[in-house]
Amino acid sequence: MLDINFIRNNPDKVKQAIVLKHENAASIDQLLEVDAQRRSLIHTCEQLKNKRNEKSREVSELKKKGQDASIIIEETKKIGDEIKSYEEKIVGLESQINNLMLRIPNIPAADVPIGKDENDNVVVKSWGVRKTFDFTPLPHWELGSLLNILDLERSSKISGSGFILLKGLGAKLERALFSFMLDLHTSEHGYTELFPPFLVNRASMTGTGQLPKLEEDMYRTAVDDLFLIPTAEVPVTNIHRDEILSYKDLPLYYTAYTPCFRREAGSYGKDTRGIIRVHQFNKVELVKITKPETSYNELESLLGNAEKILQLLGLEYRVSKLCTGDMSFAAAKCYDIEIWAPGLGKYLEVSSCSNFEDFQARRINIRFRDENGKLRFVHTMNGSGLALPRTVIAFLETYQQKDGSVVIPNVLQSYMGGIKVIACK
RNA sequence: GGAGAGGUGGCUGAGUGGCUGAAAGCGACGGUUUGCUAAACCGUUGUAGGGACAAAAUCCCUACCCCGGGUUCGAAUCCCGGCCUCUCCGCCA
């Protein structure tokens, strides 16, 4: 959510930003109009309330003296009715304003490239050397069945397409990878490990921005109106909802492993083979809550923390700065990390590291008291560190050998119980 | 699931219809005193919205005692609904 005051004072800037993000700028004029109406009604209504309070005080005085107050009481009754009708109107306007505000996207940071879609993203870094094979590398789904570690036929029997059944060393590899990630982030990068709920309420989903826009993409439990989390970002960022932190508490670094649930509505037919796009996947998430002054430095180091995983695993990747048109609704600036999958012959996104500035903090109401005792909104940011299935894809495809077996690099061997190779059965 | 108790400011805790935005204490901040620390004493100590002002400082108003309704001239206080916490019982990994 943006600051309504900022919108009032800079309507053109906001409209421009909205256009860059492919949203509808007409809502701004509507918003400003409703906002003006609201303010004028509030003004009148509060004057009436003031009058009522005065009259009530008079009643109290008269009654203390034992005098009759019935005339004033009659008058005040009428004022009360008037107030009620104003209040109803105001409530209506406020819900309109709120609805509009929740649908206005964040404004891109100044150094974000202007562009239409993913083709206008700017690659800012490439890491690793493209591995060459003296055979044709297989895609992960073929390796998966060859090694008997991935069974997509049975998982679709159990749940449907878009679900994964890992078996044996495949399951162990999954566990090894997220354990490795968590250990690195906690012991080397200073994050506090969390294990949050996987079902969250509507307020939490609204706070981080999944609602109201993306409800179709979420799994929801009808009876209790709870949502399966699409990312750990939701429970973790909401930890401090409606709280006032001290500047001494900041920055906060949190990391959490959780499964993530996404309906992927509207992406049918895309990436259907293998485990590139699935409804349930594991992810280690990085979340930071910082002071505004440091947030862009913190974003860079968060990105570095995610990259470190790939560097240690020896997987080739590149980093792009997303252009205005490709950035998510809530982001002010965003980097994508894409990992090279030799079997697929393409890059796969494994992490989006975004700074939301105070956009989420405003929705979610996380403030801090700064060195001067002033209340200000914090900045929030997050990124995957990393998403598992695609890491597994690149891992299997990169470390495959001619016979289909997969070599486990040194860093991961202890997590795999000393196993050095996932061999064919 | 059944039966009770309760949710008040940063915290503890008083307040059952009328200057109560809210006693008292603690904490925090500022000051006096002091060689330093401590102690003592004095003072300050919420947030949001709206308005006045060119703007800031400032001032005025309104709202907020878990949330939402209701009763009333007037609600922290009474009534109804919801959420949450605690205790006991039952069930259960």
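In this predicted model, a polar side-chain atom of R367 lies 3.3 Å from a sugar or linking oxygen of RNA strand B. The pair meets the cut-off for a polar contact, a pair of N or O atoms within 3.5 Å; within protein, one atom must be able to donate a hydrogen and the other to accept it, and residues adjacent in sequence count only if both atoms are side-chain atoms.

| Side chain | Atom of RNA strand B | Distance |
|---|---|---|
| R367 | sugar or linking oxygen | 3.3 Å |
| R38 | phosphate oxygen | 3.5 Å |
| K63 | base nitrogen | 3.2 Å |

Residues are numbered from 1 along each chain as its sequence is written, while chains are lettered from A and ligands numbered from 1 in the order in which they are written. Local features need pLDDT of at least 70 and side-chain atom pairs count only at pLDDT 80 or more, whereas totals for chains, interfaces and linings use all residues; side-chain values use heavy atoms, with hydrogens and water left out.

**Surface near the RNA**

There are 20 residues around RNA strand B, and R8, E46, N50, T76 and K77 come nearest. A residue is near the strand if one of its heavy atoms lies within 4 Å of it.

The largest share of the surface, 12 residues, comes from α3. Elements that each supply at least two residues are α3 (26-65), α4 (70-102) and β12 (366-369). Helices (H or I, at least four residues) and strands (E, at least two) are DSSP runs, numbered from the N terminus.

**Domains and their interface**

Chain A is assigned domain 1 (4-102) and domain 2 (118-422), with bounds from an automatic or database domain assignment. Their centres, taken over C-alpha atoms, are 44 Å apart. Five residues from domain 1 and 11 residues from domain 2 take part in the contact, which means heavy atoms within 4.5 Å. About 660 Å² is buried between the domains, and carbon and sulfur atoms give 53% of that area. Buried area is the accessible area (1.4 Å probe) that two parts lose on being put together, summed over both.

Across this interface the rule finds six residue pairs in polar contact, both residues at pLDDT 80 or more. The side of domain 1 that touches domain 2 has two nonpolar, one polar and two charged residues.

The rule also finds one salt bridge across the interface; a salt bridge is a side-chain nitrogen of Lys or Arg within 4 Å of a carboxyl oxygen of Asp or Glu. E23 forms a salt bridge with K213, and their closest N and O atoms are 3.1 Å apart. By this rule the count comes to 28 salt bridges.

**Backbone geometry**

The loop between α8 and β4 also holds P212. The peptide bond from L211 to P212 is cis, with omega near 5°. Another cis peptide bond joins G385 and L386, with omega about 10°; L386 lies in strand β14 (residues 379-387). E264 is not a glycine, yet has a positive phi of about 55°, and its place is in the loop between β7 (252-261) and β8 (280-290).

Terms used. Ala, Val, Leu, Ile, Met, Phe, Trp, Tyr, Cys and Pro count as nonpolar, Asp, Glu, Lys and Arg as charged, and the others, Gly among them, as polar.
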